[in-house]
Amino acid sequence: MKYAGAVVLGLVVVTVRLDAQANDDRLRGLFDPPTYAQLHAVLDSARTAGLPTEPLIDKALEGSAKHASSDRIVTVVRDLSARLADTRTALGGYGTADELSAGTAALRAGIAPATLADLRRLRHNEQVTIPLAVAAELVARGVRPDSASAQVLRLAAAGAPDVELATLPRSLASPSVVSSLYPGGPGFSAPTAVDGGKSSGPVEAGRPPKRSPQRP
Amino acid sequence: MPDWIDQLGDELRAPVDLSSLATARIMAAVRADAARRRRRARTWQALAVAAVVVLAIGIAVYARQADGTAVRFALPVPAAHEVVIVGDFNHWDTHATPLRRMTNGTWQTTVRLKPGAHVYSFVVDGTRWVPDPAAPLAPGTDFGAPNSLVTVAPGTT
């Protein structure tokens with residue numbers, strides 16, 4: 001059985017390398033050689049630093065889809081790499097790709113790095129992707145960053161599960177923001193069909209969002 | 001029965017006195033054969049484990065694609081000829097996820113998303129980038145057109 005471990009390890013390495021190769025090929029097909037070389041250098045350096053490259057590749061693909069200039073794409077991808085590193089530092093020096101992406105969005109929304117550190121401390125055995133995503137979405141919905149942080153930290157400290165945290169943005173967003181999005185107001189049950197020219201927005205299919213029960 | 005057959009039988013039945021060198025050689029050959037069999041068994045075991053791992057990876061990849069929460073997106077643009085949704089979930093591929101026009105003029109699709117935050121946008125008629133009017137805007141506009149933001153909770157398939 002001593003070979004089994006080696007075989008499994010080999011398969012994992014091959015799978016990871018094939019995945020990286022596929023990502024590389026995606027970029028190579030989209031960009032001219034000089035731009036590809038610059039992007040490749042950013043990805044290599046991120047990989048060496050132990051940062052996830054998938055968010056960087058997605059950002060480059062977004063720029064390409066939006067017909068942004070090559071210079072702009074390289075600048076934005078390089079900037080995102082630096083932001084991911086900052087996020088990892090704020091999260092205590094480690095984090096999954098999803099955590100780092102969500103944390104980067106949260107920091108960019110104005111959430112303080114200390115909030116990321118506090119979340120990591122409160123949920124050191126769990127992922128913090130959803131709390132970070134929720135904090136960013138609260139700010140995007142018009143909640144002040146410090147209030148958003150306080151609400152998310154309060155629920156995290158109370159041991160609220162991710163599924164409950166995820167309902168927070170729609171239940172806590174300021175009434176003006178919510179009512180402009182959903183005619184039903186803050187106590188709404190978001191429509192799943194278009195009504196009166198308003199889009200229903202992203203709704204979990206077959207499961208209309210509910211208000212989160214408020215914790216004391 | 002002829003005598004010579006009995007004699008031959010007696011001879012064959014008689015214990016053979018092998019030299020210790022020959023005994024050692026025979027036992028070494030037996031041990032080598034047993035080791036070869038063990039090695040072959042280990043190789044087959046390793047191959048079986050590898051097959052199971054490959055199968056598990058395949059199932060995991062398939063499950064990852066089929067897994068996630070079904071999220072419905074809609075955009076009311078009755079005059080549009082084509083609407084697609086692009087985002088981090090389809091690697092910003094403008095051909096991957098077209099919306100279907102409903103009878104009331106709303107374009108709609110359902111996408112399975114893994115838990116977490118996702119940024120996306122609609123593209124109308126191949127040129128017009130339109131954020132979702134029913135979702136908040138994602139922080140930052142790196143490439144001009146703003147994106148929308150949706151947070152998907154885990155375990156709500």
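Chain A has 11 helices and 1 strand, where helices (H or I, at least four residues) and strands (E, at least two) are DSSP runs numbered from the N terminus. This is a predicted model, in which local features need pLDDT of at least 70, side-chain atom pairs count only at pLDDT 80 or more, and totals for chains, interfaces and linings use all residues. Residues are numbered from 1 along each chain as its sequence is written, while chains are lettered from A and ligands numbered from 1 in the order in which they are written.

**View 1. Helices α7 and α8 of chain A cross at roughly 150 degrees.** Here α7 (residues 129-140) and α8 (residues 145-157) of chain A have axes that come within 9 Å; axes are lines fitted to C-alpha atoms, for helices over the stretch in contact, with angles from 0 to 180 degrees between N-to-C directions. The two helices are therefore roughly antiparallel, the word used for angles over 145 degrees. From α7(A), the contact takes in A:Pro131, A:Val134, A:Ala135, A:Leu138 and A:Val139. On the α8(A) side, look for A:Pro145, A:Ala148, A:Ser149, A:Gln151, A:Val152 and A:Ala156. Residues are in contact if their C-beta atoms, placed from the backbone, lie within 7 Å.

**View 2. Helix α6 of chain A and its buried residues.** In α6 (residues 113-122) of chain A, the buried residues are A:Thr115, A:Leu116, A:Leu119 and A:Arg120. Buried means 20 or more other C-beta atoms within 10 Å of a residue's own, exposed means 12 or fewer, and partly exposed lies in between, with C-beta atoms placed from the backbone. Seen down the axis of α6(A), these buried residues fall within an arc of 140 degrees, so they line one face of the helix; the arc is that of the directions from the helix axis to the C-beta atoms. They pack against α4 (70-90), α5 (97-109), α7 and α8 of chain A.

**View 3. A:His67 has a positive phi.** A:His67 is not a glycine, yet its phi is about 55 degrees. You will find A:His67 in the loop between α3 (54-65) and α4 of chain A. A:His67 is exposed, with 11 other C-beta atoms within 10 Å.

**View 4. B:Trp92 also has a positive phi, in a residue other than glycine.** Phi of B:Trp92 is near 60 degrees, and B:Trp92 sits in the loop between β2 (83-87) and β3 (100-101) of chain B. B:Trp92 is buried, with 24 other C-beta atoms within 10 Å.

Conventions:
Parallel < 35°, antiparallel > 145°, perpendicular 65-115°, else oblique. Contact = placed C-beta atoms within 7 Å.
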